[in-house]
2 protein chains.
Amino acid sequence: MEPHSPLCPRFEKAIDLLSKRWTALIVFRLLDGPQRFVGIAGSLPNLSGKVLSERLRELEAEGLVRRDVYPETPVRIEYSLTEKGRDLAPLFDNIGRWAAKWIELPEDDRR
Amino acid sequence: MEPHSPLCPRFEKAIDLLSKRWTALIVFRLLDGPQRFVGIAGSLPNLSGKVLSERLRELEAEGLVRRDVYPETPVRIEYSLTEKGRDLAPLFDNIGRWAAKWIELPEDDRR
DNA sequence: TAATATTAATTACGTATAGTAAGTTAAAGA
DNA sequence: TCTTTAACTTACTATACGTAATTAATATTA
């Protein structure tokens, strides 16, 4: 049983970020272009507004997401990916290919 | 605000799987080769035995991990990746490259 | 035979994170 | 000033996680 080398802290941080619940799917949705709060919420039905709000803050703090306020009536707020965020696109391609190859769905989900 | 197409269920399932806490790191550790319970636990210091046990079962149920029992004294149990599990390796390469490019560490973590 | 040692796994219990639903804030037009 | 609407926020409940003690299995030792 040989010991492991410790994890690269950058790698560990990236995994922490991306494997937090909902974070990956929120980024994935934003890959389609800027989205408003209700738009993201509507496309991820099991994600609560509370958590979406938290995650968007975290993503903004990490520099993956930008928040733009348009003082219209009612106020419009758009979330979009920064370059750092958009650069995750290949990762999602990768997951998509893996899923297409390996994930079997139960009959009920296939119709 | 155009509506989103619903997520591909395979993709969604893959994300669910991989973004569950600790799962990705456990798979990553197993990419080095077969590991025993204590070995994995030792390499991920903040992961409790309880959750490691749960995750290994889930990964086994999903067909990413194989569990081999060697009835020695004391019993030796080895966990290893199946082909489905090993096929996630490029994903981790991808995350590693993204992290190297984008993750800035606080001074304290850099020494 | 009984006590011991070792690894894997489970259980009980407290804390943390997430989900639900109702409430609040802010902006501008009526 | 009142209304409307999107974007939060809060109080509460439920689920997931972490810690530490415990159990199971099995061979070795006293």
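In what order do the three strands of the open sheet in chain A stand?

## The sheet of chain A

This is a predicted model. In chain A, the order of the strands in the open sheet is β1-β3-β2, and they pair in antiparallel fashion. The edges are taken by β1 (35-36) and β2 (65-70) of chain A; each has a single partner strand, so one side of each has no neighbour in the sheet. Strands of a sheet are paired by backbone hydrogen bonds, in either a parallel or an antiparallel way.

Between β1(A) and β3(A), which run antiparallel, there are two bridges. A residue of β3(A), A:E78, has A:R36 standing opposite.

## How the two chains are related

## The surface near DNA strand D

There are 19 residues around DNA strand D, and those that come nearest are A:R57, A:R67, A:Y79, B:K50 and B:T73. By class, the residues of this surface are eight nonpolar, four polar and seven charged. At least two residues each are supplied by α3 (37-43), α4 (49-61) and β3 (76-81) of chain A, and by α4 (49-61) of chain B.

Which parts of DNA strand D lie within 4 Å of the protein? Sugar or phosphate accounts for 74% of those atoms, and bases for the rest.

Polar contacts from chain B reach both kinds of group. For B:K50, a polar side-chain atom is 2.5 Å from a base oxygen of DNA strand D. The side chain of B:W22 has an N or O atom 3.4 Å from a phosphate oxygen of DNA strand D.

Is B:T23 buried or exposed? Its relative accessibility is 3%, so B:T23 counts as buried. This residue belongs to helix α2 (residues 23-30) of chain B.

Apart from neighbours within four places in sequence, B:T23 is in contact with B:L17, B:L18, B:R55 and B:L59.

Conventions: Residues are numbered from 1 along each chain as its sequence is written. Chains are lettered from A and ligands numbered from 1 in the order in which they are written. This is a predicted model: local features need pLDDT of at least 70, side-chain atom pairs count only at pLDDT 80 or more; totals for chains, interfaces and linings use all residues. Side-chain values use heavy atoms; hydrogens and water are left out. Helices (H or I, at least four residues) and strands (E, at least two) are DSSP runs, numbered from the N terminus. Buried means under 20% relative accessible area, exposed over 50%, partly exposed in between (1.4 Å probe, protein chains only). Contact means heavy atoms within 4.5 Å. A residue is near a molecule or strand if one of its heavy atoms lies within 4 Å of it. A polar contact is a pair of N or O atoms within 3.5 Å; within protein, one must be able to donate a hydrogen and the other to accept it, and residues adjacent in sequence count only if both atoms are side-chain atoms. Ala, Val, Leu, Ile, Met, Phe, Trp, Tyr, Cys and Pro count as nonpolar, Asp, Glu, Lys and Arg as charged, and the others, Gly among them, as polar. Two strands pair if DSSP finds at least two bridges between them.
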